[in-house]
Amino acid sequence: GAVVSQHPSWVICKSGTSVKIECRSLDFQATTMFWYRQFPKQSLMLMATSNEGSKATYEQGVEKDKFLINHASLTLSTLTVTSAHPEDSSFYICSAKNRGGENQPQHFGDGTRLSIL
Amino acid sequence: AQTVTQSQPEMSVQEAETVTLSCTYDTSENNYYLFWYKQPPSRQMILVIRQEAYKQQNATENRFSVNFQKAAKSFSLKISDSQLGDTAMYFCAFMKDSGYALNFGKGTSLLVTP
């Protein structure tokens with residue numbers, strides 16, 4: 001089945017550090033990937049939609065200069081949390097839509113636990 | 001904007017029993033997709049079942065089935081013969097169309113007890 005790889009799975013770093021999270025579709029091409037954030041005991045909230053070859057679309061309240069998204073190829077989208085602070089600590093998860101699967105569900109990565117000290 | 005409501009924050013069921021998780025949504029769209037996802041403690045998102053709004057027949061996947069009431073905008077999940085491994089958070093999700101993001105409810109924490 002379709003597989004989405006997300007890396008790293010867990011990262012702990014100091015406040016002020018920038019952290020890059022990768023989301024790869026391993027066996028399909030994804031023109032669109034989605035980035036969600038999930039705080040403890042809460043639901044997944046869409047942060048942004050990543051479109052291959054164009055700028056990402058951010059949801060209201062999400063700072064585009066803080067959460068940089070790059071989708072340079074049909075199989076890779078990256079989310080960079082710039083100058084991360086403790087309040088950015090969360091679970092970040094991506095999903096990808098198969099370019100050729102109009103009626104197919106999105107496929108999720110396994111998520112990244114980000115802890116900022 | 002579409003909203004998804006799960007009114008049961010927590011539920012408990014005994015092993016081998018049946019449990020129903022409720023979900024309602026609000027939309028002005030006529031064609032859309034609905035999903036139930038399972039999130040165990042590992043936090044992996046596992047697709048349980050999906051339903052296309054244009055299909056009248058309720059979706060079924062082994063022990064999991066849905067009761068889709070389009071007019072009432074209701075999409076409940078029934079788990080039959082509950083197993084200990086069903087213990088997880090369950091999220092109901094709405095998707096406007098293929099290529100759009102998922103809009104999740106707040107989730108229902110299900111505990112299956114021996």
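Is B:Phe35 buried or exposed? In this predicted model, B:Phe35 counts as buried, at 1% relative accessibility, where buried means under 20% relative accessible area, exposed over 50% and partly exposed in between, for a 1.4 Å probe and protein chains only. The structure is a predicted model, in which local features need pLDDT of at least 70 and side-chain atom pairs count only at pLDDT 80 or more, while totals for chains, interfaces and linings use all residues. Residues are numbered from 1 along each chain as its sequence is written, chains are lettered from A and ligands numbered from 1 in the order in which they are written, and side-chain values use heavy atoms, with hydrogens and water left out.

A pair of aromatic rings is described by the distance of the centres and the angle of the planes. Here, rings of Phe, Tyr and Trp (its six-membered ring) pair if their centres lie within 6.5 Å, and planes under 30 degrees apart count as stacked, over 60 as edge-to-face and the rest as tilted. Over all chains, the structure holds 13 aromatic pairs. One of them joins A:Phe108 and B:Tyr37 in an edge-to-face arrangement, with 5.3 Å from centre to centre and 80° between the planes. This pair crosses between chains, from strand β10 (residues 107-108) of chain A to strand β5 (residues 33-39) of chain B; strands (E, at least two residues) and helices (H or I, at least four) are DSSP runs, numbered from the N terminus. A:Phe108 is buried at 10% relative accessibility, and B:Tyr37 is buried with a relative accessible area of 1%. B:Tyr37 also pairs with B:Phe35, and this pair is tilted, at 6.0 Å centre to centre and 35° between the planes. A:Tyr36, A:Phe108, B:Phe35, B:Tyr37, B:Phe91 and B:Phe104 form one aromatic cluster.

A:Arg113 lies over the face of A:Trp10, at 5.9 Å from the ring centre; a charge sits over a ring if NZ of Lys or CZ of Arg is within 6 Å of the ring centre and within 35 degrees of the ring normal.

The empty spaces come next. Rolling a probe the size of a water molecule over the atoms shows where empty space is left. On a 1 Å grid over the protein atoms alone, a pocket is an open set of points where a 1.4 Å probe fits, with protein on both sides within 12 Å along at least five of seven lines, and lining residues have an atom within 4 Å of a point. The largest pocket has a volume of about 730 Å³, a volume being the space filled by probe spheres set on the points, which are joined across faces, edges and corners. Among the 30 residues that line the largest pocket, A:Met45, A:Leu46, A:Glu59, B:Leu102 and B:Asn103 are the closest to its centre. The largest share of this lining, four residues, comes from β5(A). By class, the lining of the largest pocket has 15 nonpolar, 10 polar and five charged residues, with Ala, Val, Leu, Ile, Met, Phe, Trp, Tyr, Cys and Pro counted as nonpolar, Asp, Glu, Lys and Arg as charged, and the others, Gly among them, as polar.

The second largest pocket holds about 440 Å³ of space. Its lining has 19 residues, and A:Lys41, A:Gln42, B:Gln39, B:Met89 and B:Ser109 lie nearest its centre. Strands β10 and β12 (108-113) of chain B are the elements that give two or more residues to this lining. The lining of the second largest pocket divides into nine nonpolar, six polar and four charged residues.

Some backbone details deserve a look as well. Most residues other than glycine have a negative phi, and most peptide bonds are trans. A:Lys41 has a positive phi, near 60°; A:Lys41 lies in the loop between β4 and β5 of chain A and is exposed, with a relative accessible area of 85%. B:Asp81 also has a positive phi, near 50°, and is found in the loop between β9 (74-79) and β10 of chain B. At 40% relative accessibility, B:Asp81 counts as partly exposed. The peptide bond from A:His7 to A:Pro8 is cis, with omega near 0°, and A:Pro8 sits in the loop between β1 (4-7) and β2 (10-13) of chain A.
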